Amino acid sequence: MTNQGGEDRFEIAFFDVETTVPTRPGQGFALLEFGSILVCPRKLIELQSYSTLVRPADLNSINSLSVRCNGITRDAVIAAPRFDEIADRVFDILHGRIWAGHNILRFDCPRIREAFASIGRSAPEPKGTIDSLALLTQRFGRRAGNMKMASLATYFGLGQQTHRSLDDVRMNLEVLKYCATVLFLESSLPDILTENSWVSPNATTRSRSGGKLSPEVSSMNNNISNQTGDNHPITSLRTETTQEVSDLLETVESSTNRPDPLDMGAFIDEVKKDLDQQDMNMVETPAQESPNSSVNAAVTNNCNATMEFLQLDQVFIPSISASLVPLNHGIQRIKLLHKDATLQLFCSHMKLRFGINAKFFDHAGRPRLNIVFDAPPKLCEVLDACDGLAQKLSLDSGSSSEWRPVVIRKEGYNNYPTVRLHIQTAVCGDIAIYATEIYQRDPSGTDQRLVFSKFDASELSALFTRGMFMDVFFSLDPYDYQQSAGIRLVAKKLIIHSN
């Protein structure tokens with residue numbers, strides 16, 4: 001095991017954090033414990049472990065609710081090191097490795113980034129992530145009743161979850177082994193073993209309320225590493241298989257004359273291309289800046305588009321349609337079309353209602369960047385039509401997810417309809433960048449491409465001020481994930497008007 005270069009850090013870092021529980025507005029989480037194991041992806045054996053309690057800056061943040069959640073009291077951490085004292089060790093464990101854990105995308109990754117930010121240091125970056133919550137929801141289904149680690153562990157007879165970091169990561173690894181083995185066995189005799197148990201990627205699973213869940217595929221995105229591995233079911237958790245594993249899967253498929261439900265490589269590749277294109281597909285050769293470009297020229301020759309962006313007066317609503325586009329393993333997604341071409345829109349002079357919203361996080365714990373615009377009547381008309389078509393197709397396809405209208409309307413005379421646009425991010429090596437192209441238009445009408453040296457949500461927030469106007473190029477990407485469905489508007493290009 002070497003720590004000298006990211007290319008040699010082949011181990012998977014399973015990690016978990018325990019934190020305080022905020023009880024008042026504005027109060028953040030404070031780390032109370034960090035635990036991690038380094039796992040060999042070839043043999044799935046634990047190579048190294050590390051665990052430590054962490055003394056928070058404010059001991060009063062450890063309240064009774066926090067103690068009930070994880071059992072960590074003030075007395076337990078009074079002599080523990082502060083986070084700045086263990087930061088070097090945590091960084092060394094995590095940086096440049098594949099990160100793995102249960103619900104790490106929404107919880108643990110953001111907490112790690114917050115902890116490093118609190119001491120003024122750059123956070124470690126993963127080379128890839130495996131979130132077992134998202135992965136098992138899609139591949140294993142709700143056989144245990146729900147997707148909580150405690151429920152999965154009980155289902156397999158692995159004992160009770162302690163909600164302590166090192167215990168939890170070891171339990172996480174064991175649960176993954178058991179789930180992968182079940183899927184491996186079912187794939188060997190699918191006509192027999194899967195009749196009553198296997199949940200295919202295109203099937204729906206039952207929630208506690210008895211409703212159906214649509215396929216949850218968008219969270220399977222991006223970035224499980226392509227490290228070498230032996231022939232073990234856990235290899236199905238990786239995005240890219242090695243040649244050895246690929247050959248093996250091809251042999252199984254040809255001998256059984258049916259798709260291998262365990263071959264995750266091609267499946268996730270398709271999901272990466274289609275369902276998470278807002279994070280990955282925009283990493284292309286930088287376009288040439290186009291000074292003095294007119295609106296029409298911008299629409300026709302958008303720097304990174306291969307499809308035309310339509311102005312609102314070019315959209316003929318009866319020509320809008322929604323269709324199901326097949327992916328791999330029976331997965332389908334909804335695509336919006338205008339006269340049989342992918343529908344993408346251009347809106348000029350959009351007024352910004354709210355700036356950056358960093359409420360949600362991406363696979364590495366970075367804020368997902370959202371901005372909210374006032375929606376003019378014609379845009380509302382077009383988007384409402386798209387909503388109706390996509391929602392009907394979603395229901396006809398068997399989804400019971402709650403549909404979230406793309407146009408946000410609230411009661412009150414001041415609540416003008418709004419729409420939320422997502423600013424894309426992408427990762428190049430260890431550096432996160434904005435994949436949405438951002439330009440500044442000066443008073444002479446010249447558009448200058450803005451270049452950002454690093455991912456900095458606060459810098460972008462200062463750039464986007466309430467009441468400013470922009471020209472906006474965006475795509476309409478239907479989604480269906482974790483019982484929520486709708487249309488996501490993804491910004492491809494923004495042109496900021498000068499004051």
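## Sheets, cores and loops in a predicted model

Strands 9 and 10 are joined by 7 bridges and run antiparallel. Within this pairing, Ala322 sits opposite Leu336 in strand 10. Helix 13 packs on the sheet, where it touches strand 9 and strand 10, and its direction makes about 40° with that of strand 9. The sheet is an open one of 3 strands in the order 9-10-11, with antiparallel pairing. Its edge strands are strand 9 (320-326) and strand 11, each of which pairs on one side only.

The model is a predicted one. Its protein chain has an average pLDDT of 75, and 70% of the residues score at least 70. The pLDDT is below 50 over residues 1-6, a stretch with 13 contacts in the model beyond near neighbours in sequence. Residues 197-306 also have a pLDDT below 50, and this stretch has 237 contacts in the model beyond near neighbours in sequence.

### The loop between strand 10 and strand 11

Lys339 lies in the loop between strand 10 (332-338) and strand 11 (341-342). Asp340 has its place in the loop between strand 10 and strand 11 as well. Most residues other than glycine have a negative phi. Lys339 has a positive phi, as the table shows, and Asp340 has a positive phi too.

| Residue | Phi | Relative accessible area |
|---|---|---|
| Lys339 | near 55° | 56% |
| Asp340 | near 70° | 70% |

Lys339 is exposed because its relative accessible area is 56%. Asp340 is exposed because its relative accessible area is 70%.

Another open sheet has 5 strands in the order 3-2-1-4-5, and its pairing is mixed. Strand 3 (46-53) and strand 5 (128-131) are the edge strands, each pairing on one side only. On average, neighbouring strands of this sheet are turned by 20° against each other, direction ignored.

Strand 2 (residues 31-39) is joined to strand 3 by 7 bridges, and the two run antiparallel. Ile37 stands opposite Ser49 in strand 3. Helix 4 (residues 104-118) lies across strand 1 (12-19), strand 2, strand 4 (98-101) and strand 5. The helix runs at about 80° to strand 1.

### Helix 5

Helix 5 covers residues 132-139. At its start, a side-chain oxygen of Asp131 comes to within 2.9 Å of the backbone nitrogen of Leu133. How many of the 8 residues of helix 5 are buried? The count is 8 of the 8, so the helix is largely enclosed by the rest of the structure. The buried residues include Leu133, Leu135 and Leu136, and also Ser132, Thr137, Gln138 and Arg139. Just after the helix, Gly141 takes a positive phi of about 80°.

Strand 13 (residues 369-374) is largely enclosed by the rest of the structure, because 6 of its 6 residues are buried. Leu369, Ile371 and Phe373 point one way from the strand, while Asn370, Val372 and Asp374 point the other way. The residues on both sides, Asn370 and Asp374 among them, are buried.

Strand 13 pairs with strand 16 (residues 418-423) in the antiparallel sense over 6 bridges. Across this pairing, Val372 stands opposite Arg420 in strand 16.

### The nonpolar cores

In soluble globular proteins, nonpolar side chains tend to be buried together. The largest nonpolar core of this model has 46 residues. Those with the most contacts inside it are Leu345, Ile371, Leu379, Val419, Phe464, Met470 and Leu476. Which elements each supply at least two residues of this core? They are strand 10, strand 12 (344-357), strand 13, helix 13 (377-396), strand 16, helix 14 (457-463), strand 21 (469-481) and strand 22 (484-497). Helix 13 gives the most to the core, with 7 residues.

Phe464 is one of the residues with the most contacts inside this core. Leaving aside residues up to four places away in sequence, Phe464 touches Leu352, Gly355, Ile356, Ile371, Ile423, Ile438, Met470, Leu494 and Ile496. A second core is separate and has 26 residues, including Met147, Phe156, Met171 and Val175.

Note on methods
Residues numbered from 1 in each chain as written. Heavy atoms only, no water. Pairing = 2+ DSSP bridges. Helix = DSSP H or I, 4+ residues; strand = E, 2+ residues; numbered from the N terminus. Axes fitted to C-alpha atoms, helices over the stretch in contact; angles between N-to-C directions. Contact = heavy atoms within 4.5 Å. Buried < 20%, exposed > 50% of the residue type's maximum accessible area, 1.4 Å probe, protein only. Polar contact = N/O pair within 3.5 Å; in protein donor to acceptor, adjacent residues only side chain to side chain. pLDDT = per-residue confidence, 0-100. Core = buried A, V, L, I, M, F, W, Y, C linked by side-chain atoms within 4.5 Å.
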